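Here's a friendly walk through one protein model. Have a look at the sequence and the 3D view, then read on.

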Amino acid sequence: MSDSPAPVSDNDSSPSRSLVSGVTYSVFQYAGLLGVLALLVLIFSLMSQNFLSKQTLVTVANNIPDLLVISVGMTLVLIIGGIDLSVGSLLALSSAMLGVCMVDWGWPLWSAVPVCLGVGALCGMLNGVISVKAGIPSFIVTLGMLEMARGSAYLITDSQTKYIGSSIEWIGVPLKGFVFSPAFLLALVIVAAGQYLLTRTVFGRYCVAIGTNAEAVRMSGIRTAPCSIAVFTISGLLCGLAGVMQTSRLSSADPNAAVGLELSAIAACVIGGTSLMGGRGSVINTFFGVMIIAVLQTGLAQIGATDPSKRVITGAVIIVAVLLDAARQRWKRRG
């Protein structure tokens, strides 16, 4: 018998190599997003004397809570391999219900908000149940809900804006002696909770597994339907919360609100590296994606860019983000 030590297999160190590779990839991703954000701030600071100011910071921070909250829900939906095109319309419907409760029925804010949240959660649950139980792609289901929710918003408000006023606007106004509004601070809490849910809970691991290979998850004995339905319900609930936030910023409930917001939410997720194919995403990265979109739009507005120009530039940024993400994935596989 030989006394020489047994050779160490390359596979023995694979877990540690995988961990180092994963950490390195995450650091690279965060650095890339921060670099893009810093570059945009630098460019617009050079092009506009008023961009790098407290007022711009207040404008950016207090205009994004609704988009940020919706993007958290969209991240979870994309991770399980779905998509939710109804989020903008659900925000409008929830907001409209809030306006009807407070203006037409005379309810106080504390009793109207649960109705607003409940409407969003119910519609989100319907999206999930129909998509999962009937086996219909979520793209189709949520496209139908987009039209139904928008039409319902017009019906319950008679296509009229419901002006609420000071009883709700305090949510979207910066706190006295402070830069940020309660809505923005609550949105940050939602981001932290979403990241924790995704990375530190069994539910979050199931979401990633479903998006990676749903059939393998089912064969392992895990029921995927409740998890998927729960994700769509969470997305709808967050649409209701975003409806409260947007209503507070506008001091009114507008049935025309949030048209096209679903595209901005998807763009923020994609810029943050969430895969449209499912199985990969980060709520924190989505936050950076929202910030990049907000800084880009605010900067373009300050330099006097026309709306068509802003749309072209924003679309180009999204395409570049997708290309960079594809390059990152190739780098990760080689690593």
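## Before you start

This is a predicted model, where local features need pLDDT of at least 70, side-chain atom pairs count only at pLDDT 80 or more, and totals for chains, interfaces and linings use all residues. Residues are numbered from 1 along each chain as its sequence is written, and side-chain values use heavy atoms, with hydrogens and water left out.

## The whole chain

The protein chain holds 13 helices and two strands. The chain has 335 residues, and 47% of them count as buried. Buried means under 20% relative accessible area, with exposed set at over 50% and partly exposed in between (1.4 Å probe, protein chains only).

The accessible surface comes to about 16,400 Å², and carbon and sulfur atoms own 67% of that. These areas come from the Shrake-Rupley method with a 1.4 Å probe, and for residues only the protein chains shown count as cover. Take the contacts (heavy atoms within 4.5 Å) with a separation of 6 or more: 78% of them join residues 24 or more positions apart.

The expected span is 1.5 Å times one less than the number of residues. Of the 27 residues in H10, 20 are buried, so the helix is mostly covered.

Helix H8 (residues 182-200) has 19 residues and reaches 26 Å from its first C-alpha to its last, close to the expected 27 Å. Its buried residues include Phe184, Ile190, Val191 and Leu198. Among the elements covering the buried residues of H8 are H2, H3, H9, H10 and H12.

## The largest pocket

The largest pocket has a volume of about 880 Å³. Of its 25 lining residues, Leu67, Leu261, Ser264, Ile293 and Gln297 are the closest to its centre. H13 gives the most to the lining, with six residues, while H2, H3, H10, H11 and H12 are among the helices that each supply at least two.

How is a pocket found? On a 1 Å grid over the protein atoms alone, a pocket is an open set of points with protein on both sides within 12 Å along at least five of seven lines, a cavity is a set where a 1.4 Å probe fits but cannot get out, and lining residues have an atom within 4 Å of a point. Points are joined across faces, edges and corners, and the volume is the space filled by probe spheres set on them.

## Residues to look up

Thr286 lies in helix H12 and is buried, at 1% relative accessible area. Thr75 is 211 residues away in sequence, yet the two C-alpha atoms are 7.3 Å apart. Besides Thr75, Thr286 touches residues including Ser71, Ala268 and Cys269. Cys269 is itself buried, at 0%.

Gly82 sits in the loop between H3 and H4 and counts as buried at 10% relative accessibility. Leaving aside neighbours within four places in sequence, Gly82 is in contact with Val77 and Ser138.

Note on methods. Helix = DSSP H or I, 4+ residues; strand = E, 2+ residues; numbered from the N terminus.
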